[in-house]
Amino acid sequence: MGKPTGFLEYVRENGSAVSPNERIENYNEFHTPLSREKQQLQGARCMECGVPFCQSGMVIGGMVSGCPLNNLIPEWNDLIFTGNWEQAYHRLRKTNNFPEFTGRVCPALCEAACTCGVHGDPVSVKQNEYGIVEYAYENGAAKAHIPEVRTGKKIAVVGSGPSGLAAADQLNQRGHSVTVFERSDRVGGLLMYGIPNMKLEKHVIERRVEIMKQEGITFETGKNIGENVEAKELLNDFDIVILACGASQPRDITAEGRDAKGIYFAVDFLTSTTKSLLDNDLAEGSFISAKNKHVVIIGGGDTGNDCVGTAVRHGAKSVLQLEMMPKLPDGRAEDNPWPQWARVCKTDYGQEEAAAVFGADPRVYQTTVKEFVKNKKGELKELVLVKLEAVKDKKTGRLSMKEVKGSEYTVPADLVLIAAGFTGSESYVTKAFGVETDGRSNVKTQAGRYATNADKVFVCGDMHRGQSLVVWAIREGRECAREVDKTLLGYTNL
């Protein structure tokens with residue numbers, strides 16, 4: 001540790017953000033990073049604790065504390081403090097295949113577990129990670145490393161989201177020949193079309209994919225395995241098939257009037273905007289538009305927030321975001337101590353922007369849709385909403401949300417976006433490969449393993465564990481790659 005008193009001498013600093021009213025004029029990332037000199041002082045705040053919870057990735061009190069990738073955070077914080085940026089990048093890449101993704105979209109479980117956060121502000125780990133990887137690209141450290149020896153083994157990865165890319169990257173570096181199949185027209189899966197440009201500009205994905213291509217990985221887009229390509233083709237042509245297709249089956253809302261025109265799943269709304277933005281800068285209008293519409297978003301999570309920010313950029317007339325659960329406290333509750341993940345209310349970029357445009361936070365808590373109301377043409381015109389209250393089951397003690405009688409009220413709605421999460425993998429893929437699924441439609445494996453019941457078929461990512469974070473997807477891809485490598489060669493050094 002180069003600066004034992006750094007956490008006492010320097011306060012936490014983050015890069016600046018473009019103001020909400022200015023940034024909604026485009027779809028660009030809107031954070032300006034700190035200078036290298038200031039970022040190095042942020043590295044000095046890391047205490048290199050005897051027990052670094054930041055990199056633990058362990059379950060404490062039912063919630064994960066620290067980084068699921070077990071990133072060697074104190075080590076690369078010290079390296080940037082001492083100005084060894086390139087070495088910091090190599091240390092970071094030992095545990096994280098794609099720090100350029102996590103440095104932008106990860107909720108920073110590491111920072112919630114930082115010891116500096118017990119009585120003050122945690123180390124700016126996420127910004128330090130961003131600084132390291134961007135330095136690497138700017139200075140030529142992020143470059144292709146082509147394997148010198150090939151094993152002769154062929155692996156197919158179905159899905160090019162973070163878990164599929166991580167598995168492909170690991171196995172290619174081991175010397176296996178990897179082909180990644182993607183059903184969309186661009187590589188990236190969730191990263192490409194599920195996350196808006198404001199959080200992750202797509203050139204960031206493309207530059208990493210280009211390196212992976214130089215390293216020998218083959219990417220085939222427009223290949224929907226189970227539909228326009230038969231599963232048996234992959235099973236015949238490859239030694240191993242890894243399914244990394246995500247938990248892409250959206251959870252629906254079944255209220256009366258659900259068949260009204262103007263109701264979409266959030267992922268379809270976000271995908272249509274990003275694809276149109278990349279194809280023609282939105283010029284052709286080939287996307288689901290929120291312009292001049294009363295927009296209601298069902299779901300209070302990250303995807304719901306992304307819909308808020310996107311709808312504001314479209315020029316929505318109003319935006320309302322419904323959350324079934326009660327508002328979380330503004331600070332840690334007594335039963336949620338450090339180093340647990342802090343269950344506190346956070347205002348994200350989309351909510352900030354809606355508040356700036358419309359004068360109030362768009363979120364309404366403990367509320368859901370009771371009815372979708374249509375006009376004579378079958379078009380959505382308004383919603384009947386109802387308030388909810390938490391009721392404890394006398395036998396189990398579990399809380400459930402119940403309607404409050406007489407609390408119904410009506411709001412205008414031309415466009416509804418359902419962001420209620422996902423129920424698991426899509427059945428046409430699991431049926432095509434004959435893999436077993438559990439009650440949540442996730443592909444079944446033995447606990448802690450990645451081999452399915454089907455011969456030669458492995459699984460990882462959201463398709464395996466259910467809807468989760470990018471950082472978990474990368475970990476799953478890495479662990480799956482290790483298991484595949486051991487299966488093929490009898491041992492592994494991954």
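Colleague: Is Lys-223 buried or exposed, or in between?

Modeller: Let's begin with the terms: a residue is buried under 20% relative accessible area, exposed over 50%, and partly exposed in between, using a 1.4 Å probe and protein chains only. Lys-223 has 29% relative accessibility, so it counts as partly exposed. Keep in mind that this is a predicted model, where local features need pLDDT of at least 70 and side-chain atom pairs count only at pLDDT 80 or more, while totals for chains, interfaces and linings use all residues. Residues are numbered from 1 along each chain as its sequence is written, and side-chain values use heavy atoms, leaving out hydrogens and water.

Colleague: Which residue forms a salt bridge with Lys-223?

Modeller: A salt bridge is a side-chain nitrogen of Lys or Arg within 4 Å of a carboxyl oxygen of Asp or Glu. Here the partner of Lys-223 is Glu-220, with 2.7 Å between the closest N and O atoms. Glu-220 is partly exposed too, because its relative accessibility is 27%.

Colleague: How many salt bridges does the structure hold?

Modeller: There are 30. One of them joins Asp-259 to Lys-374, whose closest N and O atoms are 3.0 Å apart. Asp-259 sits in the loop between β9 (249–250) and β10 (263–265), and Lys-374 in strand β14 (residues 367–374), so this pair ties together parts 115 residues apart in sequence. For the names, helices (H or I, at least four residues) and strands (E, at least two) are DSSP runs, numbered from the N terminus. Asp-259 is exposed, at 59%, whereas Lys-374 is partly exposed, at 34%.

Colleague: What links Glu-75 with Arg-91?

Modeller: Another salt bridge, with the closest N and O atoms 3.2 Å apart. Glu-75 belongs to helix α4 and Arg-91 to helix α5, so the bridge ties together parts 16 residues apart in sequence. Glu-75 is partly exposed at 34% relative accessibility, and Arg-91 is partly exposed at 25%.

Colleague: Which residues of helix α4 are buried?

Modeller: First, the general idea: an α-helix has 3.6 residues a turn, so residues three or four places apart point the same way. In α4 (residues 73–81), the buried ones are Ile-73, Pro-74, Trp-76, Asn-77, Leu-79 and Ile-80. They pack against α3 (36–44), α5 (85–93), α7 (109–112) and α8 (125–138), where contact means heavy atoms within 4.5 Å.

Colleague: And what follows α4?

Modeller: Gly-83 does, and its phi is positive, near 85 degrees.
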